[in-house]
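Please look over the fold, the domains and the ligand surroundings of the protein shown here.

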Amino acid sequence: MTEMEAIRVRHSVRTYQSKKIEQEKVNQLKALIDEVNAAGNLHLQFMEDAGKSFRRILSKVMGLDSAPSVIACVGPDDDTLDERIGYYGEKIVLAAQCMGLNTCWAGTFNKSGVPAEIGDGERLVIVIAIGYGENQGKQRKSKTPEQVSYAKGTRPDWFDFGVEMALCAPTAINQQSFEIRLNEDGSVDFIDKGGPFSRVDLGIVKYHFTAGAAYKKNDGVS
Ligand SMILES: Cc1cc2nc3c(=O)[nH]c(=O)nc-3n(C[C@H](O)[C@H](O)[C@H](O)COP(=O)(O)O)c2cc1C
């Protein structure tokens with residue numbers, strides 16, 4: 001499965017099989033996490049055992065307590081941290097989908113129950129539940145391209161395709177609270193329109209848009 005296919009088929013999955021992720025896949029995930037940590041100045045960590053990350057009533061109601069593993073999204077705290085976590089975390093989410101795994105970003109979790117290393121000046125922003133789903137999740141409602149994008153003048157194919165891919169991005173409570181604007185000089189602005197975890201959402205949306213736009217500019221070659 002290519003990343004572009006993964007963007008289309010990925011849905012949040014909240015109930016998991018008890019099956020552990022195979023060591024080979026764990027190694028692949030860890031190698032990718034090392035890469036994104038270096039690229040994004042982050043301290044993301046794969047926790048093979050989700051520990052008590054989801055031992056709160058709300059998580060149990062959502063079903064996330066069945067997740068065998070989590071990725072703890074930690075990094076040096078500054079005002080770009082949430083967005084960087086969204087951007088680089090989504091790269092891992094899509095790679096996991098390509099490996100046949102399922103995921104769910106989770107802003108509701110038990111902070112003190114996550115067995116992660118959090119250094120001085122670092123913050124644990126969010127976790128990503130990961131494992132083999134009991135199902136593949138389901139299609140949800142989406143805003144339209146017109147509701148989330150704006151372009152003065154003609155809209156190039158790469159812009160439209162980027163927006164389409166951005167609308168496939170997971171966002172907290174499916175809020176899709178962003179706008180993507182094409183400027184006259186061809187540059188693109190991403191606007192955060194607010195809501196819970198909307199900075200993380202914006203990073204995720206940027207990742208999807210950028211992957212989609214690059215794919216189209218490259219004549220559909222991944
Ligand atoms: C930043 C962020 C936080 C989220 N937090 C939770 C959560 O705490 N619990 C949950 O069940 N889903 C959570 N989700 C998953 C969203 O509800 C889901 O992405 C959205 O409904 C869209 O569905 P989809 O991912 O299947 O496209 C979160 C997603 C994002 C991006």
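## Basis

The model is predicted: local features need pLDDT of at least 70, side-chain atom pairs count only at pLDDT 80 or more, and totals for chains, interfaces and linings use all residues. Residue numbers start from 1 along each chain as its sequence is written.

## Overall fold

The protein has seven helices and seven strands, where helices (H or I, at least four residues) and strands (E, at least two) are DSSP runs numbered from the N terminus. Read from the N terminus, the order of elements is α-α-β-α-β-α-β-β-α-β-α-β-β-α.

Along the principal axes, the C-alpha atoms fill a box of roughly 50 × 35 × 30 Å. The radius of gyration is 17 Å, in agreement with the value near 17 Å for a compact globule of 222 residues; it is taken over C-alpha atoms, and the globule rule is 2.2 Å times the number of residues to the power 0.38.

## Domains

The protein is divided into domain 1 (3–131) and domain 2 (145–217), with bounds from an automatic or database domain assignment. Their C-alpha centres are 23 Å apart.

In domain 1, 17 residues are in contact with 17 residues of domain 2 (C-beta atoms, placed from the backbone, within 7 Å). Helix H1 (3–9), helix H4 (81–98) and strand S4 (122–131) each give two or more residues to this side of domain 1, and H4 gives the most, with eight. By class, this side has seven nonpolar, three polar and seven charged residues; Ala, Val, Leu, Ile, Met, Phe, Trp, Tyr, Cys and Pro count as nonpolar, Asp, Glu, Lys and Arg as charged, and the others, Gly among them, as polar.

## The S5-S6-S7 sheet

Three strands form an open sheet of mixed pairing in the order S5-S6-S7; two strands pair if DSSP finds at least two bridges between them. Strand S5 (149–151) and strand S7 (188–192) are at the edges with a single partner strand each, so one side of each has no neighbour in the sheet.

Strand S6 (residues 178–182) pairs with S7 in the antiparallel sense over five bridges. Arginine 181 has aspartate 189 in S7 as its bridge partner.

## Ligand shell

Around the ligand are 21 residues, of which His11, Ser12, Thr108, Pro170 and Asn174 come nearest (near means a C-beta atom, placed from the backbone, within 6 Å). The shell has eleven nonpolar, seven polar and three charged residues.

Domain 1 and domain 2 each supply at least three shell residues. Strand S3 (102–106) and helix H7 (198–217) each supply at least two.

Definitions and conventions. Contact = placed C-beta atoms within 7 Å.
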